[in-house]
Each structure stands twice: as structure tokens, then as C-alpha cells.
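Visitor: I would like to learn how to read the features of a model like this one, going from the general idea to the particular case. Could we begin with the terms?

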Amino acid sequence: MLTEERVRDQLRNVIDPEIGMDLVELGLIYDVGVHEEGRHIDVTFSLTSPMCPVGDMIQEQVETEALSIEGVETVNAQLTFEPMWSPEMMSPAAKLFFGR
């Protein structure tokens, strides 16, 4: 059975090109929902800035990575800025990497 953790692991392949770290470690994956016995995934994610010039590319990568999981047929990747991302949302490893 597909789990949220499995989806998050797959989304570690989506790298923020400006920062060079994956969206999961950066705390940009806000929510993952697995529905219809793993055939549909909802992903709510954010960007480090509303003015991010690669937002469309990141959304496409989120969708592509989620669809690459066996059995997944549809993905709804929803961009949000509620709440606004902040460095405090990063994983402990990412904070250490950036000296926070």
C-alpha cells in the first residue's frame, strides 16, 4: 500500500535549482494525500519565494516524480503560499547545512 512517506521519499528527487537541496528537506512539501488505494496523490507545496522564476518547472517535477511511483495514475500538485515558507520550516539537516 502506498504511503505518504513513500511519496515524500520520491519527492526528494525534486531539487530547488537556486538552493541545490530537495523540496522535502527545505520544508516546501506541506502536505501529501494518498487516495483511491494509491492511484491518486494530492501534493501541496510551496516555493521559497512567490517570485521564484522556476515555479512552473518545480510543479512539473513534483507531478512527474509522483507519477513515477508504481500504481499512481493521477497527481494534483497544488502550489500555495499559505503559510509563507520560512527557513524555520527546513529539516534539522538542512538547517545545519545552512548554519541555522
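Guide: Buried means under 20% relative accessible area, exposed means over 50%, and partly exposed lies in between, with a 1.4 Å probe and protein chains only. Helices (H or I, at least four residues) and strands (E, at least two) are DSSP runs, numbered from the N terminus. With these terms, the face of helix 3 turned away from its buried side carries the exposed residues Asp56 and Glu60.

Visitor: What should I know about the origin of the model and its numbering?

Guide: This is a predicted model, in which local features need pLDDT of at least 70 and side-chain atom pairs count only at pLDDT 80 or more, whereas totals for chains, interfaces and linings use all residues. Residues are numbered from 1 along each chain as its sequence is written, and side-chain values use heavy atoms, with hydrogens and water left out.

Visitor: Which residues of helix 3 are buried, and what do they pack against?

Guide: Gly55, Ile58, Val62, Glu65 and Ala66 are buried in helix 3. Taking the arc as that of the directions from the helix axis to the C-beta atoms, they cover only 95° around the axis, which puts them on the same side of helix 3. Contact means heavy atoms within 4.5 Å, and the buried residues of helix 3 pack against helix 1, strand 1 (15-16), helix 2 (23-26), strand 4 and strand 5.

Visitor: How is the sheet read, and in what order do its strands lie?

Guide: Two strands pair if DSSP finds at least two bridges between them. Here 3 strands form an open sheet with mixed pairing, in the order 3-4-5. Strand 3 (29-35) and strand 5 (74-79) are the edge strands, each pairing on one side only. Strand 3 and strand 4 (residues 40-45) run antiparallel and are joined by 6 bridges, and Val32 has Val43 as its bridge partner in strand 4.

Visitor: Which helices lie on these strands?

Guide: Axes are lines fitted to C-alpha atoms, for helices over the stretch in contact, and angles run from 0 to 180 degrees between N-to-C directions. Helix 1 (residues 4-11) packs on the sheet, where it touches strand 3 and strand 4, and its direction makes about 130° with that of strand 3. Helix 3 (residues 55-67) lies across strand 4 and strand 5, running at about 150° to strand 5.

Visitor: Which backbone angles deserve a second look?

Guide: Most residues other than glycine have a negative phi, and most peptide bonds are trans. In the loop between strand 3 and strand 4 we find Glu36, which has a positive phi of about 50° although it is not a glycine. Glu37 is in the loop between strand 3 and strand 4 too, with a positive phi of about 55°, and Glu37 counts as exposed because its relative accessible area is 72%. The peptide bond from Glu82 to Pro83 is cis, with omega near 0°, and Pro83 lies in the loop between strand 5 and helix 4.

Visitor: Is Thr80 buried or exposed, and what does Thr80 contact?

Guide: Thr80, in the loop between strand 5 and helix 4 (92-97), has 16% relative accessibility and therefore counts as buried. Leaving aside its neighbours within four places in sequence, Thr80 is in contact with Tyr30, Thr44, Phe45 and Ser46. Pro50, in the loop between strand 4 and helix 3, counts as partly exposed because its relative accessibility is 45%.
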